[in-house]
Amino acid sequence: MPKAYVFTRYGGPETEAFVDVDRPSPGPGQLLVAVRAAGVNPVDWKIRSGYRRPGDSADRDFPAVLGSEVSGVVAELGEGVEGFAVGDEVFGNTVSGGYAEYTLVPVDIAAHKPAGLSHAAAATLPVAAATAYDGVRQLDLPPGATLLVTGAGGGVGAAALQIARAVGLRAVGVASEGKKDLLESLGAVHVSSGPAWAERARAAAPDGIDGVYDLVGGGVLAEAAGLLTDRTRLITAGAPEEEVRRLGGTRVTRARTAAVLEELARLVLKGDLDPHITGTFPLERAGEALRAVEEGHARGKTVIEVAR
């Protein structure tokens, strides 16, 4: 039977386990994908701990497979699927968990993987990079404008800085001093986080800040709002809708489309977006991969690779 890495109830790492699972059966509009790589994200351990994203059901069937982004090979087509065939290499968001040998991917959030893009790189794009892309596109700043990204040292932030540069923006990132080299390698201006960071941001952008993409929330979000003359150019993926609306901004609206995934793949192949994979683990070490992300040891993207 296929293997999967699951959590058996809400809680800490002690709830995780490898189990044998039935091979999923694709429903209408779904692909059964033989997983080759799965991205590891902070939201994975947050969901295991009990966090629910907007739209999540209050009930969950256990055991639940961890992970939400994969790249792999189509093994079976659900009813009504068009544009895909068994054997196609694809990547996208999964609805049945990614840390597994097989998973289900809806066709509307799946894209064909270009031949020049590795499975590992493709598996990093549907969550963090897509969130970054959606936010930069939502702000719709004109070329030459300055975009400030708070929490810029994480997966979404690093991708947002690169995507901003790719569309002609000046990127300024707020992150710890230890992330300075990373941000500068991505072509961004680094602003050290911590007390008085907003003053340092003003100094780094003497002509003003035209848009803010917040990934932190709380006091950082409020300070970032004070840097803008137009609060409609304030968006967040790090705070609830009501919190940012009080400041005049809004939450990032996720597109969740194949077109976004295709554009991200194009940016990687063009050299404008580096997935920045710094850790790869085989499926049998999925727990170690998740610990690296949960404990903050991973500086870039972490990927689980599944043997053929």
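**Notes on rings, a helix and a strand**

I began with Phe18, which is partly exposed, with a relative accessible area of 37%; for me, buried means under 20% relative accessible area, exposed over 50%, and partly exposed in between, with a 1.4 Å probe and protein chains only. The model is a predicted one, so I read local features only at pLDDT of at least 70 and side-chain atom pairs at pLDDT 80 or more, while totals for chains, interfaces and linings use all residues. Residues are numbered from 1 along each chain as its sequence is written, and side-chain values use heavy atoms, without hydrogens and water.

**Aromatic pairs**

How many aromatic pairs does a search of the whole structure find? I got four, counting rings of Phe, Tyr and Trp (its six-membered ring) with centres within 6.5 Å; planes under 30 degrees apart are stacked, over 60 edge-to-face, the rest tilted. Tyr5 and Phe18 make a tilted pair, because their centres are 4.7 Å apart and their planes stand at 55°. I traced Tyr5 to strand S1 and Phe18 to strand S2, 13 residues apart; strands (E, at least two residues) and helices (H or I, at least four) are DSSP runs numbered from the N terminus. Tyr5 is buried, at 8% relative accessible area.

Next I looked at Phe7 and Phe62, an edge-to-face pair with 5.6 Å between centres and 75° between planes. Phe7 is in S1 and Phe62 in the loop between H1 and strand S4 (64–65), 55 residues apart. I found Phe7 buried, at 1%, and Phe62 partly exposed, at 35%. Ring pairs also link Phe7, Tyr10 and Phe62 into a cluster.

**Helix H1**

Which residues of helix H1 (residues 42–49) are buried? I noted Val43, Asp44, Ile47 and Arg48. They lie on the same side of H1, because they cover an arc of only 145° around the axis, taken from the directions from the helix axis to the C-beta atoms. Their cover includes strands S1 (3–7), S2 (16–20) and S3 (30–40) and helix H10 (286–294), with contact meaning heavy atoms within 4.5 Å. Just after H1, I saw Gly50 take a positive phi of about 120°.

**Strand S6**

Four of the five residues of S6 (residues 89–93) are buried, so the strand is largely enclosed by the rest of the structure. I counted five bridges joining S6 to strand S5 (residues 69–77), running antiparallel; strands pair if DSSP finds at least two bridges between them. Here Glu69 stands opposite Asn93. Three bridges join S6 to strand S8 (residues 110–112), again antiparallel, and Phe91 stands opposite Ala111.
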